Amino acid sequence: MGCIQSIACNKSRIKRENIVVYDLSATIDHCPTVIEENSPIVLRYKTPYFKASARIIMPPVPRNETWVVGWIQACTQMEFYNVYGDIGMSSWELPQLRDGLVRAISDSDGVSYPWYGNTTETVTIVGPTSKPSRFIVSMNDNFYPSVTWAVPVSESNTPLLTNIKRDQSFTTWLVALNTTTKEKILLHTIKWRMRVDIVVDPCLPLGSRAQLVGRAHQDQPRVLTRMETIPPNAMGRPNANDAQVLMWRPRRGPPLVVIPPK
């Protein structure tokens with residue numbers, strides 16, 4: 001009788017090999033970054049979307065267990081400079097990441113930690129379930145920032161912006177998480193990168209100042225053949241939006257915090 005109970009218990013325990021992942025997809029849209037010059041105050045640009053999707057078959061979930069399957073994302077590297085001629089540059093920075101204190105910063109929506117979001121990004125299965133559960137989890141991400149034409153620490157509205165450079169790297173994990181025991185089962189690891197290089201001639205009329213240079217299309221994401229562990233800072237607060245700070249770094253003189261972290 002003891003052996004039978006042991007087998008039954010062993011079968012009920014969810015393991016990595018019992019979770020089926022198929023139709024895994026990770027892409028970046030094959031289109032260039034779009035520049036918008038509609039405002040006399042800011043330049044805006046919209047990057048192509050990173051998209052990830054997977055179909056999952058989850059085995060029956062035992063009584064008193066709840067599992068969430070979905071996407072967790074972290075920023076692992078960020079360079080984001082807006083150059084204003086020979087005056088200086090503004091820079092969005094993640095201080096802990098910049099200084100090498102952490103390996104990654106959570107890219108959660110700021111509410112659904114540790115998940116990237118809580119709509120299409122996750123599915124929750126509450127036990128007991130008698131049959132396998134079939135579902136899709138998907139996510140997408142892109143940049144759509146505003147950059148001031150004028151020096152951000154100046155009261156002048158004179159356009160002086162000459163260059164925008166952005167280079168950001170992310171790691172995205174597909175994860176099954178037992179919300180009761182906190183057990184994590186890593187299903188896949190994806191790495192992707194977004195790079196933007198825009199040159200600006202502030203002397204030209206609005207609508208014709210900025211031009212995308214360098215690469216027209218982004219490198220496609222890499223689905224790793226080996227799983228990569230999730231760093232602790234990728235699982236909780238703060239997320240990248242709350243941790244980032246906008247610095248003004250003049251050509252001469254000390255740097256200045258323009259927008260502090262939240």
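The model is predicted, so local features need pLDDT of at least 70 and side-chain atom pairs count only at pLDDT 80 or more, while totals for chains, interfaces and linings use all residues. Residues are numbered from 1 along each chain as its sequence is written, and side-chain values use heavy atoms, with hydrogens and water left out.

Let's begin with strand β11, residues 163–178. Strands here are DSSP runs of E with at least two residues, and helices are runs of H or I with at least four, numbered from the N terminus. Of the 16 residues in β11, 15 are buried, meaning under 20% relative accessible area with a 1.4 Å probe, protein chains only.

Now look at the neighbours of β11. Two strands pair if DSSP finds at least two bridges between them. Strand β5 (residues 66–84) runs antiparallel to β11, and 16 bridges join them; one of these links W71 with L174 in β11. Strand β12 (residues 184–200) is also antiparallel to β11, joined by 15 bridges, and N163 has V199 in β12 as its bridge partner. Five residues separate β11 and β12 in a hairpin, where K182 in the turn has a positive phi of about 70 degrees.

Finally, find I230, in the loop between β14 (222–223) and α3 (240–243). Is I230 buried or exposed? I230 counts as buried because its relative accessibility is 13%. Leaving aside residues up to four places away in sequence, I230 touches I72, W173, V175, K184, L186 and M235, where contact means heavy atoms within 4.5 Å.

How values were computed:
Buried < 20%, exposed > 50% of the residue type's maximum accessible area, 1.4 Å probe, protein only.
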